[in-house]
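Me: I would like a close look at a single part of this model.

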Amino acid sequence: MTVRLRSTLASLPAYVPGRSVPGALKLASNETSYAPLPYVLARIAEAAGQINRYPDSFSAELSGALAGRFGVQSQQVVVGCGSVSLCQQLILAAAGPGDEVLFAWRSFEAYPIITAIGGAVAVRVPLADEVHDLKAMAAAITDRTRLIFVCNPNNPTGTAVAGPELIAFLDQVPADVIVVLDEAYREFVTDPSVVDGTTLLASYPNLIVLRTFSKAYGLAGLRVGYGIAADTSISNAVRQTQVPFAVTQVGQAAALASLEPEAERELSERVGEVTAERARVTEQLRGGGYRIPDSQANFVWLGQGTADEGGIDAVKFAGRCEAQGVIVRSFAGDGVRVTIGTAEENDLFLAAALPR
Ligand SMILES: *Cc1c(COP(=O)(O)O)cnc(C)c1O
């Protein structure tokens, strides 16, 4: 006798987290390598004094601060237990059995999993040359499409779509279909042609932009992400599908502290170091004969392919790095994603990867 479970669980792909191997350098989860800012740690310690109390379930103070920063109403802002939680809440809010959730593939590996958990149907549109094929995505919209993820820059390829293409796409999406612009890596974007999704909110009432404190802000362990919805019909629905008290008081306090000018200055310096290192790592890998798409995120992508076209065998390449004490994220048959760390860490990776 076994317990009765939903049949969808049997076919659910597992989320594969980047591996941590004792003694090895982990460049597999797009975390920041820098230690938390002392200023933020102090605020965390302060908030820890109140953990006998439940947090504010809707993170009102943090929502207010974010609303002020982006020039929107607090009601339009939602805070979640990581932005991946907001992705799931959006699916629960918008897509039921038989409904379609559309996204590029390969993209963020959580999308197909949370779509299946919601009972909806995942529609994957292949990337074209490692970039979102927005024309094909527009063509894949049906009357069952309820939600579309656009991951910009895309995880795991690091590629970003330019403003005009994104706008042309948004113009083709029916007004009753939610577009989730997942900008988890927005802080690392240096290409001015990549539009900041929050500037499009006034024009597209069906849009929500997701950001996170996990990547550039270095708070991955605390689980705080946020969304800014063009219309409160979306943000209110996200709040309705939230697990009560999902975001801890400590997380809220750390996020608030990270928004203060003192922390922001330090963070933008760190982001500058990461983007400079991204350029250096890309150049060295290309010089060594690897094909590397332009990344706008805090990682680079090495695509699967034959050696003469600059490609790799993902599993073999990851094994080679691991033998040198560097853990990268491999997607068997597709490629390998390598997080940009500090200069010393990147040197360790480059020493493992070169000569090819
Ligand atoms: C890391 C990541 C997220 C969210 O991370 P959280 O830690 O849940 O905030 C969302 N989308 C993409 C594409 C990511 O890579």
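What volume does the largest pocket have, and which residues that line the largest pocket are the closest to its centre?

Reply: This is a predicted model, in which local features need pLDDT of at least 70 and side-chain atom pairs count only at pLDDT 80 or more, while totals for chains, interfaces and linings use all residues. Residues are numbered from 1 along each chain as its sequence is written, and side-chain values use heavy atoms, with hydrogens and water left out.

The largest pocket has a volume of about 530 Å³. A pocket here is an open set of points on a 1 Å grid over the protein atoms alone, with protein on both sides within 12 Å along at least five of seven lines; lining residues have an atom within 4 Å of a point. The volume is the space filled by probe spheres (1.4 Å probe) set on the points, which are joined across faces, edges and corners.

The lining of the largest pocket has 29 residues, and Tyr15, Ser29, Phe108, Lys215 and Arg223 are the closest to the centre. Two elements, H3 and strand E11 (329-331), each give two or more residues to this lining; helices (H or I, at least four residues) and strands (E, at least two) are DSSP runs, numbered from the N terminus. By class, the lining of the largest pocket divides into 12 nonpolar, 9 polar and 8 charged residues. Ala, Val, Leu, Ile, Met, Phe, Trp, Tyr, Cys and Pro count as nonpolar, Asp, Glu, Lys and Arg as charged, and the others, Gly among them, as polar.

Helix H3 (residues 83-94) also meets H4: Val84, Cys87, Gln88 and Ile91 in H3 are in contact (heavy atoms within 4.5 Å) with Ala110, Tyr111, Ile114, Thr115 and Ile117 in H4. The residues of this H3 and H4 contact comprise 7 nonpolar, 2 polar and no charged.

Methods. Axes are lines fitted to C-alpha atoms, for helices over the stretch in contact, and angles run from 0 to 180 degrees between N-to-C directions.
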